[in-house]
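Hello,

Please find the structure below. My notes on pockets and strand pairing follow.

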Amino acid sequence: MGKVRVETFKYLDETIKRMRSGGLLLVSVGRDGRPNVMTIGWGLLGVMWREPFFVVAVRHSRYTHKLLEETGEFTVNVPGEGMEELLRYCGTVSGRDYDKFAERGLRPVPGRDVRAPSIEGCPIHYECRTAFKVEVEPGALERELEVEVYPSRDYHTLYYGRILGVYARED
């Protein structure tokens with residue numbers, strides 16, 4: 001079954017629920033066109049500058065960071081039931097060393113609004129283009145939080161992705 005365009009925040013509750021219980025799948029693509037997928041457990045959906053945005057946090061050390069710096073486009077995919085192993089795998093293996101799409105038999109579905117594909121089998125996905133980014137700076141975060149989240153000082157870049165389209169299965 002195909003996907004249809006839906007109202008931007010129609011699946012907000014479902015998206016947040018899945019992000020908090022296992023994560024979501026962030027797909028990026030670099031200049032070479034090869035997609036990469038990583039698991040994310042942090043993100044924000046909302047409105048900035050009168051537009052819908054999905055903010056994702058990606059550490060500098062991640063391969064995805066390099067790809068987002070190259071193209072600034074990404075999709076956020078809400079996994080379906082039974083994708084827990086894929087979430088674990090994509091959260092522990094680097095795209096620098098493995099083609100996760102090939103390794104796990106994932107089928108990339110071309111984006112409608114961005115170059116980054118979505119993942120076949122994910123019932124909902126968001127297509128985003130970075131409009132703004134900000135670096136988490138050492139010393140700028142509440143001390144207790146910084147100590148807990150950044151003990152190795154591998155900080156995040158926050159990518160503010162303007163949501164260009166949200167798509168969901170017709171069923």
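Predicted model: local features only at pLDDT ≥ 70, side-chain atom pairs only at ≥ 80, totals over all residues.

Strand 3 contributes the most, with four residues. The space in the largest pocket comes to about 370 Å³. Sorted by class, its lining holds ten polar, eight nonpolar and four charged residues.

The second largest pocket has a volume of about 320 Å³. It is lined by 17 residues, with Trp42, Gly43, Leu44, Ala57 and Leu158 closest to its centre. At least two lining residues each come from helix 1 (12-20), strand 4 (43-48), strand 5, helix 5 (143-149) and strand 10. By class, the lining of the second largest pocket has 13 nonpolar, three polar and one charged residues.

Strand 10 (residues 156-169) also pairs with strand 9: the two run antiparallel and are joined by eleven bridges. Within this pairing, valine 134 has leucine 158 of strand 10 as its bridge partner. Leucine 158 is also one of the residues closest to the centre of the second largest pocket.

Strand 9 (residues 124-135) has an antiparallel pairing with strand 6 (residues 73-78) as well, over six bridges. There, phenylalanine 74 is bridged to cysteine 128 in strand 9.

Regards

How values were computed. Residues numbered from 1 in each chain as written. Heavy atoms only, no water. Pairing = 2+ DSSP bridges. 1 Å grid on protein atoms, 1.4 Å probe; cavity = no way out; pocket = protein on both sides within 12 Å on 5 of 7 lines; lining within 4 Å. Points joined across faces, edges and corners; volume = space filled by probe spheres on them. Nonpolar A, V, L, I, M, F, W, Y, C, P; charged D, E, K, R; others polar.
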